[in-house]
Amino acid sequence: MAQHPSEGSVAAVSDIPPLDRLLNADALRTALDTHGRTQVVAALRRDLDALRQRALAGGLMRQELDAPVVAARVSAALDKAAQPRLRAVYNLTGTVLHTNLGRALLPEEAVASVLRALTTPANLEFDLDTGGRGDRDDLIDELLCELTGAEAATVVNNNAAAVLLMLNALADKREVVVSRGELVEIGGAFRIPDIMKRAGAKLVEVGTTNRTHATDYDTAIGPRTAMLMKVHCSNYAVTGFTKSVSVAEVAALAHAKGLPATVDLGSGTLVDLTQFGLPKEDTVRETIEAGADLVTFSGDKLLGGPQAGLLVGRADLIRKIKKNPLKRALRVSKLTLAALEPVLGLYRAPEFLSQRLTTLRLLTRPQRQIQPQAEALRATLAHAVGPNYAVEAVPMFSQIGSGALPVDQLPSYGLAVRYTGSGRPGRHLDKLEAQLRRLPTPVIGRIADDALWLDLRCLEARDEAAFAAQLAEPLA
Ligand SMILES: *Cc1c(COP(=O)(O)O)cnc(C)c1O
């Protein structure tokens, strides 16, 4: 072996240093402290194996074997592997409650409560008055009843679970009457007919896609009917020559036959959204007041809380639901309850809601507040994307998302990026979109009409500097 290997000379397998010597090199000290010996040894082994292969093929250079060079490569590989898979992103899609980006963002109160519940013991199922065993539902059912006017409440993992549980508990081997106009599919995996089957209930479809009348429900009721059910048309609208039957009418028909009327409300808003300038959506309270015996809704849609499925309504029905074994299988964790309680608590002070409830704060941001942000960031983005693209600050429309109010749109502002170079823009916009996704905090926009649109509704002032900072250099 040469004593002084010259720069650029080819290395042989015998030149590869032994693992032990590399492991003791100063350059690996930080990696050992960060990742531990087990992972460093495994990564070193992989690296040396690869070097051996290349040496055999004759393509390995001596300088690649220097301890600091090997250490840097191994450390980088370990750091990369240690990066969390679940990462923060900027949601500039214009869809505030984006299911693929995690839906509602929790307010500070909820974050603090989750942290406490996770790091200290808590009275999750412990009655502090009697010292006996408690029920985890007790932590939130009073609040839910107060906010919705319901007699009783319970909570499960998500709204799909709530519907499944409700149907199994109240309609196993019996019939459930639903309008054909309301057989909704949510995000591919949740379809009312499929859930119905899994719950053991038989779906009885009534009416047509566009029109269902009270008599359709009435004639469908038979000896095996367990309930009449209404489902919120969350992510679509039936327009034109249409007729649907209101909750009040369906409830009256059900009650005349001694049956319950249930409503899958989807988003389940707890307050009148029109007071915040948002479109009208029936609240849970209004649905109960209209006669619904049981209402199910999500925790992480318009409610603005954690993923959860809430069931509120008649005490006897909730009791039956809580006795069903599926309730145990679908129960929520303490994380969920810890987050849900303070979020529900915010609704007690509606005058602060549009500031304190993150989801509502984002939904109610006025266009005039977003416009200056877009104008301020325009030049930064233009510099980052380079000379082949034109960046404009333009008005656009955001959506609430997650099936809430699918038709109404919120006036917003943002940046539109168009390709100005030669050739068709599609491929270049796809490439730009991918570059934005590769940033340390990925930026997620949307491509439509030959432009990349970045809606700034969900970029709050406190995030603006960090957002601009990662665009300081041209995108690679
Ligand atoms: C969103 C939605 C669901 C599913 O709720 P998850 O909380 O996502 O499980 C069910 N029904 C309706 C009408 C919905 O809008």
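In what order do the 4 strands of the open sheet with antiparallel pairing stand? The order is E11-E12-E15-E14, where strands (at least two residues) and helices (H or I, at least four) are DSSP runs numbered from the N terminus, and two strands pair if DSSP finds at least two bridges between them. Before going on, a word on the model: it is predicted, so local features need pLDDT of at least 70 and side-chain atom pairs count only at pLDDT 80 or more, while totals for chains, interfaces and linings use all residues. Residues are numbered from 1 along each chain as its sequence is written, and side-chain values use heavy atoms, with hydrogens and water left out.

Ala416, for instance, has Trp453 in E15 as its bridge partner.

There is also an open sheet of 7 strands, in the order E2-E10-E9-E8-E7-E3-E6, and its pairing is mixed. Strand E2 (152-156) and strand E6 (202-206) are the edge strands, each pairing on one side only. Its neighbouring strands are turned by 25 degrees against each other on average, direction ignored. E8 and strand E9 (residues 294-298) run parallel, with 4 bridges between them; here Gly266 has Phe297 in E9 as its bridge partner.

Now for the ligand. It is surrounded by 13 residues, and the closest are Ala160, Ser234, Asp264, Ser298 and Lys301; a residue counts as near if one of its heavy atoms lies within 4 Å. By class, this shell has 4 nonpolar, 6 polar and 3 charged residues. A ligand nitrogen is 2.6 Å from an N or O atom in the side chain of Asp264. A ligand oxygen is 2.8 Å from an N or O atom in the side chain of Lys301. The protein covers 94% of the 380 Å² of accessible area that the ligand has on its own, as worked out by the Shrake-Rupley method with a 1.4 Å probe. Helix H6 (159-171) and strand E8 (261-266) are the elements that give two or more residues to the shell.

Note on methods:
A polar contact is a pair of N or O atoms within 3.5 Å; within protein, one must be able to donate a hydrogen and the other to accept it, and residues adjacent in sequence count only if both atoms are side-chain atoms. Ala, Val, Leu, Ile, Met, Phe, Trp, Tyr, Cys and Pro count as nonpolar, Asp, Glu, Lys and Arg as charged, and the others, Gly among them, as polar. Axes are lines fitted to C-alpha atoms, for helices over the stretch in contact, and angles run from 0 to 180 degrees between N-to-C directions.
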